[in-house]
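Q: I am new to this structure. Please show me how to read its features, one at a time.

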Amino acid sequence: CLDSVQVMFQPGKPSEQQQPYGKQNAMRRSMIQSTSGSTAMPMSPYIFDVMNVLTEMQREGLIRSIHGVHFTSDAIKELNDCGFYLDSNSVECNLLDPTKFQVGGDMYRTCQRLEKEHGSSSSSLSTRKAMRMVFHSPLAGGLLTNKYAHISRRHRSKTDEPLPSYMLPSEKRCYDTSLRGSWKKHYEEVHGTKIKRQHAWYVCEESLYKELRYVALKHRVDEASVALRWVMQMDHAGSVSVGSSLNTGFDEGKPFTRPRDLRKAFSFHLDEEDIERLANVAGRTFHDRSSEDDFDFDSSTGWTSDPAIDFANPKLWL
């Protein structure tokens with residue numbers, strides 16, 4: 001029995017060679033409205049065929065869960081209307097750019113809708129659970145780690161930015177798209193001021209990284225653990241995925257660092273003051289999980305000694 005099967009969502013129009021029924025099949029494509037509602041985004045009908053097969057396999061016990069990757073809220077609604085459901089969906093989310101799961105957003109409302117429809121069902125005949133989110137890139141490709149929270153002078157440019165040679169490819173990508181992009185735009189909207197791209201790092205360092213260092217010092221952990229814990233406490237969080245690229249750039253003589261002791265993220269809980277501090281400097285607003293989360297770790301004794309884990313619980317199948 002497979003634990004999980006991932007379904008990638010790649011919107012786009014299939015070519016005529018890929019359409020077994022020619023133009024008639026093209027007319028049957030499902031048109032999904034984008035978030036703005038102004039443009040239409042086609043979704044291949046083959047996704048419904050794949051979901052139909054996976055759902056049958058799940059009913060037969062061949063697979064335990066169906067995990068979506070980058071499914072939009074409109075695509076999920078289209079699947080739900082046809083009777084297909086995802087057990088989880090993966091989106092990128094971090095302090096610099098949590099826009100894909102911001103409070104009041106389409107994906108957030110989709111999770112709330114599914115929670116009401118399935119998560120709170122008390123019927124013993126209903127096995128369908130609410131969809132949970134899998135948040136990836138919680139450290140923004142490495143930007144939200146000690147490497148950037150404490151940059152030495154020799155790794156800075158004349159404008160005080162990190163040198164390009166100091167960055168790994170994933171860090172450079174998030175630096176240009178998240179920090180200089182979505183985070184800078186949100187900061188300008190909130191404060192009613194314009195920031196030059198070359199000054200975005202300085203402003204972010206004096207606001208976001210300053211608060212990260214404060215919360216990290218308060219709980220006696222590193223900045224990466226705080227950034228990771230922030231994502232773990234989000235509403236509807238099922239799990240958090242942290243990528244790692246070992247030895248990237250090692251042969252070129254670039255500085256090699258990686259987050260250490262990320263398990264400390266299980267040893268503390270962000271209180272209301274921490275949430276408010278980070279929410280004021282994050283790329284978008286954040287909704288705190290008022291209830292205790294499922295990530296429990298005791299710094300002195302290790303994992304909490306709760307009763308035996310119930311592996312029949314679908315929430316643990318991921």
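**Core, loop and helix**

A: The largest nonpolar core has 66 residues. Those with the most contacts inside it are Leu95, Leu96, Phe135, Leu144, Val226 and Trp230. Helix H7 (residues 200-219) gives the most to this core, with 9 residues. A nonpolar core is a set of buried Ala, Val, Leu, Ile, Met, Phe, Trp, Tyr and Cys residues joined through side-chain atoms within 4.5 Å. The model is predicted: local features need pLDDT of at least 70, side-chain atom pairs count only at pLDDT 80 or more, and totals for chains, interfaces and linings use all residues. Residues are numbered from 1 along each chain as its sequence is written, and side-chain values use heavy atoms, without hydrogens and water.

Q: Is Asn94 buried or exposed?

A: Buried means under 20% relative accessible area, exposed over 50%, partly exposed in between (1.4 Å probe, protein chains only). Asn94 has a relative accessible area of 0%, so Asn94 is buried. Asn94 sits in the loop between strand E5 (88-92) and helix H4 (106-119). Helices (H or I, at least four residues) and strands (E, at least two) are DSSP runs, numbered from the N terminus.

Q: What does the side chain of Asn94 reach?

A: The backbone nitrogen of Leu96 lies 3.0 Å from the Asn94 side chain. The backbone oxygen of Ser137 is reached at 2.9 Å by the side chain of Asn94.

Q: Where is Lys172 found?

A: Lys172 lies in helix H6 (residues 169-191). Its relative accessibility is 32%, so Lys172 counts as partly exposed.

Definitions and conventions:
Polar contact = N/O pair within 3.5 Å; in protein donor to acceptor, adjacent residues only side chain to side chain.
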